[in-house]
Amino acid sequence: MEKYTIGIDYGTQSGRVVLVSLKDGRELVDHVTEYKHGVMDDTLPIDRISLGNEWALQHPQDYLDVIEQSVPAVLKAAEVDPADIIGVGIDFTACTMLPIDEKGEPLCFNEKWSKNPHSWIKLWKHHAAQPHANELNSLAKEREETFLARYGGKLSSEWMLAKAYQILDEAPDVYQAADRFVEATDWVTMKLSDNLVRNSCTAGYKSAWHKTEGYPSEEFFKEIDPRLKDLTSTKLRGEVVPLGTKAGRITREVAEKTGLKEGIAVAVGNVDAHAAVPAVGVVDEGKLVMAMGTSICHMLLGKKEVHVEGMAGVVEDGIIPGYYGYEAGQSAVGDIFEWFVNKSVPGHLHQKAEERGVNVHTVLEEEAAKYRPGQTGLLALDWWNGNRSILVDTELSGLLLGYSLKTKPQEVYRALLEATAYGTKMIIDAFTDKGVAVNELYACGGLPQKNDLLMQIYADVTNLPIKVAASKHTPALGAAMFASVAAGTDEGGYESIVDAAAHMGRVRDKVYQPIAEHVDIYKQLYAEYKELHDYFGRGKNDVMKRLLSLR
Ligand SMILES: Nc1ncnc2c1ncn2[C@@H]1O[C@H](COP(=O)(O)OP(=O)(O)O)[C@@H](O)[C@H]1O
Ligand SMILES: O=C(CO)[C@@H](O)[C@@H](O)COP(=O)(O)O
């Protein structure tokens, strides 16, 4: 009898539920629930209490609504016997964290705390803990803490330690009242299974936890603030378990609300970009997976722990058990193209797109594809939203060189596509320079489905073939695969994520192959990009920072 699992992908704006066949990874049905409260970056839903700059919160009820609305919708549409659905797995944006009480309830559900913004969920892109991250980083550097090298030399303000410290600093009463701080992925997993466990992926990438060294030391936290000394043994306590572990089983309450069978396996939580790796069939070294959308997350597996410049983290078992999982990223990619379309494209191109009933990107892509590499005479630095990897510097900005009175919008568009490809090439070089091999690329996310030219440029610039995910909801497929591992072979699932990936991981037939003539020209252009990258990015000329300070 064919067996199925459910994968739930919790994004920034919505949750997406898919029902997947374990035979071949086929997605039978999907359903999306938009979050009612979306991203709360202006006011709280209670008394319209104002939030500060760089705040970004979410509402826990929105996550529960995804379970209560989308899971029954998927079950109804699929016409599959619930007895054949053997597990559920979720993936989430991260670090998306919340304070909970002893019973596991979010503090923001309690009237006593709900008017304090710190009692709510801090979304991954809550950046208001930057001063706290800076303090953690400078002390870690001073004390020569070994953990720092695993995060490319800096902990991000997006991550757990900076966010927890911000709560202590700005709302000590909320800090005191919190029994624990948890990742939303672990909290929702607990809501499904009634068991709170921490997954090795978010613990490793977002909470600076290490499989043998554990968390940073009490002395380190004590030096930051004596009240923070026991952070990891109190507020972050809890067993950290590898991906694919069974967190527990679907509770009766969840079964009654959703139509799922009580007692089926629930996998431990995961991170969206990381769940996508096995979903494109990648379970070993040499294959760089790019989750390409508004930004790019790059994931790579290795057999050794190596410290690579500017990586967002290396975590043992962090992506696939048995491997060191490396993560790097570019903080704006699709967002740069969107900026150009919205802010710089003349009206006649918008009109042309409207007349043809297509997106402006499509018109620009068609026009830009008519040029050969180098023909535009343009070169850009893709730092419209700073540089995540490899420079880890949010104060860098974009640059476009080579304008003339003849420059056309499609030429600029092409230069921007190329610049993001050079940014990815810098990341690949940082890995290969340290002996972490990259032999081929795998792409998932929205961009590979939208822009053929972009994908060809990436193949030409990197001189590597690119395979593209066949799934529409790659992270959700990955979460469903981990659910099959949590269920195990006795219940009709898989022994390991490697087995699951062999049957369920899917890429399209079409592979983007580098075109030799293009590769040669892009080698020269990339050498020029690298010059500019180091000149403006490594301190030879800090004009970008000076301009920023004048603003
Ligand atoms: N045809 C296109 N070519 C290039 N970029 C596009 C195109 N259409 C949309 N985009 C960009 O893709 C990004 C959205 O990517 P997507 O993967 O769907 O979203 P997300 O990253 O939020 O999951 C936006 O930044 C948008 O500007
Ligand atoms: O930080 C990570 C992964 O480490 C992501 O969850 C976060 O950037 C959100 O990404 P998306 O907007 O869901 O593509």
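This is a predicted model: local features need pLDDT of at least 70, side-chain atom pairs count only at pLDDT 80 or more; totals for chains, interfaces and linings use all residues.
Where the two domains meet, domain 1 supplies 14 residues to the contact and domain 2 supplies 18 residues.

Now find ligand 1. Around this ligand you can pick out 13 residues, and the closest are Thr294, Gly334, Gly446, Lys450 and Asn451. Lys450 uses its side chain, where an N or O atom is 2.7 Å from an oxygen atom of the ligand. Asn451 has a polar side-chain atom 3.0 Å from a nitrogen atom of ligand 1. How much of ligand 1 does the protein bury? Taken alone, ligand 1 exposes 580 Å², and the protein buries 73% of that.

Which elements give two or more residues to the shell around ligand 1? They are α10 (334–343) and α14 (447–450). Of the elements, α10 gives the most, with four residues. Sorted by class, the shell around ligand 1 holds four nonpolar, six polar and three charged residues.

Next, move over to ligand 2. Its surroundings consist of Thr12, Thr93, Ala94, Trp124, Lys206, Val271, Asp272, His274, Cys297 and Glu327. By class, this shell has four nonpolar, three polar and three charged residues. Look at how some of these side chains meet the ligand. Lys206 places a polar side-chain atom 2.8 Å from an oxygen atom of ligand 2. For Asp272, an N or O atom of the side chain is 2.9 Å from an oxygen atom of the ligand. Glu327 also has a polar side-chain atom 2.9 Å from an oxygen atom of ligand 2. On its own, ligand 2 exposes 380 Å², of which the protein buries 81%.

Is Asp317 buried or exposed? Asp317 counts as buried because its relative accessibility is 9%, and the cut-off for buried is under 20%. Leaving aside residues up to four places away in sequence, Asp317 touches Ser200, Lys211, Leu243, Gly322 and Tyr323. With one of these partners, Lys211, Asp317 forms a side-chain polar contact of 2.9 Å.

Definitions and conventions. Residues are numbered from 1 along each chain as its sequence is written. Chains are lettered from A and ligands numbered from 1 in the order in which they are written. Side-chain values use heavy atoms; hydrogens and water are left out. A residue is near a molecule or strand if one of its heavy atoms lies within 4 Å of it. A polar contact is a pair of N or O atoms within 3.5 Å; within protein, one must be able to donate a hydrogen and the other to accept it, and residues adjacent in sequence count only if both atoms are side-chain atoms. Accessible areas come from the Shrake-Rupley method with a 1.4 Å probe; for residues, only the protein chains shown count as cover. Ala, Val, Leu, Ile, Met, Phe, Trp, Tyr, Cys and Pro count as nonpolar, Asp, Glu, Lys and Arg as charged, and the others, Gly among them, as polar. Buried means under 20% relative accessible area, exposed over 50%, partly exposed in between (1.4 Å probe, protein chains only). Contact means heavy atoms within 4.5 Å.
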